[in-house]
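Open the model in your viewer and keep the selection tool ready. This tour goes stop by stop.

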Amino acid sequence: MRILVAFLPLILMAHTPDLNELKRMSARFAKTPLEVDVSKLSTGDRKALVKLVEAAHLIDDIFLTQYWSGNQELWRKLQMDKTPLGQARVHYFWLSKGPWSALDGGRAFLPDVPAEKVPGANFYPEGMKKEEFEAWVKGLPKDQHELAEGFFSVIHRENGHLVAVPFSKEYGPRLERLAKLLREAAADTENASLKKFLTLRADAFLSNDYYASDVAWMDLDAPLDITIGPYETYNDEIFGYKASFEAYINVRDEKETQKIGFFSDHMQDIENALPIDGKYRNPKIGALSPIRVVNQVIATGDGAHGVRTAAYNLPNDERVTAQKGSKRVMLKNVQDAKFEAALVPIAKRVLPAADQESLSFESFFTHILAHEMTHGIGPHEIAVNGRKTTPRQEIKELYSAIEEAKADVTGLFMLQQMMDRKQVPSAEKQLYTTFLASAFRSLRFGLNEAHGKGMALQFNYLMDKGAFVAHPDGTFSVDLSKIKGAVRDLDHDLLMIEATGNYAGAKRMLDTLGHVRPVVQKAIDGLTDIPTDIDPVDVTANKLAAR
Ligand code: ZN
């Protein structure tokens, strides 16, 4: 699963955009260099990295084929047009990896292409009906049935009949080149877990069996943190079966990795201190799923179109997750780039001048880490009238908004506890002021999604407690004398909704607080010209490729 930092506002397009319009559309993505320090890598890893960047570029080519049957020919034609409009189209096509614009409801921005993305992408014959597929699959022998419904095949029509073709055959020559590059990189690196993953993934490209390499990816713990292969199924909007190719070529962030280790060691202490009655606390919290913090050298294919991925959870194959769980990879320099492109300009407008210097990426990122880790604490197995159940089962469709707000607020609570105990450097003003500014970043994309609704709830609660203060000039600030108590109270209320599986309480809270109030809306209305996302320039990858 993929996690984006921005959500998508809709702008309707009824015609093909001209040069000026395309320029405006592109300007929503702030051009940002992505640089990664590779000087601390071993000689072997540096050699491997060059091969892996080359492999990542091949993934772009496979993805173009997967995304739409007309993509490759369109891409060739576009690049021949050297007029300003032609070049603007090339630029926006590459941002989108196809002729449809994610920020505009997925509508086409080029002439003579389908008005919207083809639902089955290039995974099924165009025009194939769902019912036809279902009737066909029913009659297949077991192995053919599994291939047809599996992640790693495309469906063709041959002589009027549907057939499933494995990726290993469909993209054969390109996968053979990929396998060769991965084997070379495996020979270069000294790290055993990376060697194993790359070797097994190379085998998988040729055998079409990805299981062993997904397991090896869960065990991957190396300075070079590599994700490459067919993963997410979002582009198959018919069944959600088919996986798109993507690559993330990353370098592990050693400082953040240590921080995670430190936080992990203290999660039980935080659970024991949660602001709820002791009987609701968990005396022995379960193992937290692994988190890796990395810096992205390059992302390609399905990982590099539209709004950029800020973090991802993989694998998706349930046979692997049942056995090994899943791993979350957080792209720190991508989040930093988004912070610079969007949050810094937002803060200039919503914070008073005197608070500007308290905006801090360090606080922002540490809070995201704390958010992720505190998903793992608090009530998870509960009893309602003696019946064993879970907060998710009891709070139903409201659970996501409550749980996202809980992770935000428990993250603040946790960092405050650690500051009070002098386990981390004191940075209260930075933490809360950055949190306030970043609330506007979430709220500007609306409340259709759990994060947005959960954020509105928090913002209004903290305003009602006097911890967030609206000023007559349209700016907002934190009252440091009130914020700690308000966070504690809010954390108590959210945790108790979960501890008691209180659906009515969750509904009441979201109904009264889950809205954007006029004073906040006014501030949001003043942010429309601020970039939505980034257009990364892969500085380090380009340097490596030029060698
Ligand atoms: Zn979350």
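Stop 1: Select Asp533 and Lys338. Their side chains meet in a salt bridge, 2.6 Å from N to O. Here a salt bridge is a side-chain nitrogen of Lys or Arg within 4 Å of a carboxyl oxygen of Asp or Glu. Asp533 sits in strand β16 (residues 533-537) and Lys338 in helix α13, so the contact ties together parts 195 residues apart in sequence. Helices (H or I, at least four residues) and strands (E, at least two) are DSSP runs, numbered from the N terminus. Asp533 is buried at 2% relative accessible area, and Lys338 is buried at 5%. Buried means under 20% relative accessible area, exposed over 50%, and partly exposed in between (1.4 Å probe, protein chains only).

Before moving on, note the ground rules. This is a predicted model, in which local features need pLDDT of at least 70 and side-chain atom pairs count only at pLDDT 80 or more, while totals for chains, interfaces and linings use all residues. Residues are numbered from 1 along each chain as its sequence is written, and side-chain values use heavy atoms, with hydrogens and water left out.

Stop 2: The structure holds 34 salt bridges. Select Asp253 and Lys332. Their closest N and O atoms are 3.5 Å apart. This pair links distant parts of the chain: Asp253 is in the loop between β8 (245-252) and α11 (254-273), Lys332 is in helix α13 (residues 332-350), and 79 residues separate them. Asp253 is buried at 9%; Lys332 is buried at 13%.

Now turn to Lys332 and Phe365. The lysine lies over the face of the Phe365 ring, 5.9 Å from the ring centre. A charge sits over a ring if NZ of Lys or CZ of Arg is within 6 Å of the ring centre and within 35 degrees of the ring normal. Lys97 lies over the face of Trp94 too, at 4.0 Å from the ring centre.

Glu73 is partly exposed at 48%, and Lys77 is exposed at 53%.

**Stop 3: the zinc ion.** Which residues coordinate the zinc ion? Select His371 (NE2), His375 (NE2) and Glu404 (OE), at 2.1 to 2.2 Å. Donors are N, O and S atoms within 2.8 Å of the metal (3.2 Å for Na, K and Ca); water is not among the atoms, so sites may look incomplete. Along the chain, the donors follow the spacing H-x3-H-x28-E. His371 is in helix α14 (residues 361-374) and Glu404 in helix α16 (residues 399-420), 33 residues apart. His371 is buried at 7%, and Glu404 is buried at 14%.

**Stop 4: aromatic rings.** A search of the whole structure finds 31 aromatic pairs. Rings of Phe, Tyr and Trp (its six-membered ring) pair if their centres lie within 6.5 Å; planes under 30 degrees apart count as stacked, over 60 as edge-to-face and the rest as tilted. Select Tyr67 and Trp100. They are edge-to-face, 5.9 Å centre to centre, with 75° between the planes. Tyr67 is in helix α2 (residues 43-67) and Trp100 in strand β3 (residues 100-101).

Finish on the cluster formed by Phe151, Phe152, Phe167, Tyr171, Phe205, Tyr210 and Phe245.
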